[in-house]
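Dear colleague,

Here is the structure you were expecting, with the sequence alongside. My notes on what was found in it follow below.

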Amino acid sequence: MKIIIFSAILCFAAGIAAAQPGYFRVTGVAADDTLNVRAAPSASSADIGDLPPGTAGIEVLGTDPSGKWGEIAWQEGSGWIATRFLAPDELATIPGTALPNGLLCTGTEPFWSLRLGASGAVFSDPSGTALSLTLDGARVAEGRPAFPVALQHGGAEGGAMSVIRPARCSDGMSDSPYPYSAALIVQAGGTRRFLDGCCRLPLEAGSH
């Protein structure tokens, strides 16, 4: 893609990013027990799910005012887990960025997905577009420590450039929160598209 596109999309994403999500693993839970996911930040709130001991790559979007409960994306909404059972988790990152390896970005109407890895990315949409892309470069906005970050991807059948920043994001179709927003330019089949969406780390991607 031309340098002018790179510059334009960086300008689009300029500004100070919100606080980054934290990544944790379940600790202090017995091997035959689980960590409850609650509907609200309270031990008396409804139990809406469970995390096994040692579950890694848990993306915590924030905490309640007490700091005793952390909010996570859960199913089609969000859930809360007790922070006393969490320990910081060191995740592999995409080279040149603070983004976790395996981050999944998606958009709705139009629907699309971009899964980011250490060496490249995969873009797809329901129309049948499927691009296997290399990671050709990463650049953090001037004057910023880590975000927004622009990723440039190339491939035999097209290319893409995305700008990702920490910002609470909604997919517009569910109550599930996302910790990153994304702006994406994709070129494939002679067509250039400008897309926006949200990103998060699926739990399975964070496991290691």
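**Confidence**

In the protein chain, confidence is lowest in helix H1 (residues 3-12), where the mean pLDDT is 37, and highest in strand E2 (residues 35-38), where it is 98. Over residues 1-18 the pLDDT is below 50, although this stretch has 36 contacts in the model beyond near neighbours in sequence. The model is a predicted one. The protein chain averages a pLDDT of 89, and 90% of the residues score at least 70.

E5 covers residues 69-74, and five of its six residues are buried, so the strand is largely enclosed by the rest of the structure. Buried here means under 20% relative accessible area.

One partner is strand E4 (residues 58-63), which runs antiparallel to E5 and is joined to it by three bridges. The two form a hairpin with five residues between them. In that turn, Gly67 has a positive phi of about 80°.

Strand E6 (residues 77-82) also pairs with E5 in the antiparallel sense, here over six bridges. E5 and E6 form a hairpin too, with two residues between them. Gln75 lies in this turn and has a positive phi of about 55°.

Which residue of E6 is the bridge partner of Ile72? It is Gly79.

Regards

Definitions and conventions:
Residues numbered from 1 in each chain as written. Predicted model: local features only at pLDDT ≥ 70, side-chain atom pairs only at ≥ 80, totals over all residues. Heavy atoms only, no water. Buried < 20%, exposed > 50% of the residue type's maximum accessible area, 1.4 Å probe, protein only. Helix = DSSP H or I, 4+ residues; strand = E, 2+ residues; numbered from the N terminus. Pairing = 2+ DSSP bridges. pLDDT = per-residue confidence, 0-100. Contact = heavy atoms within 4.5 Å.
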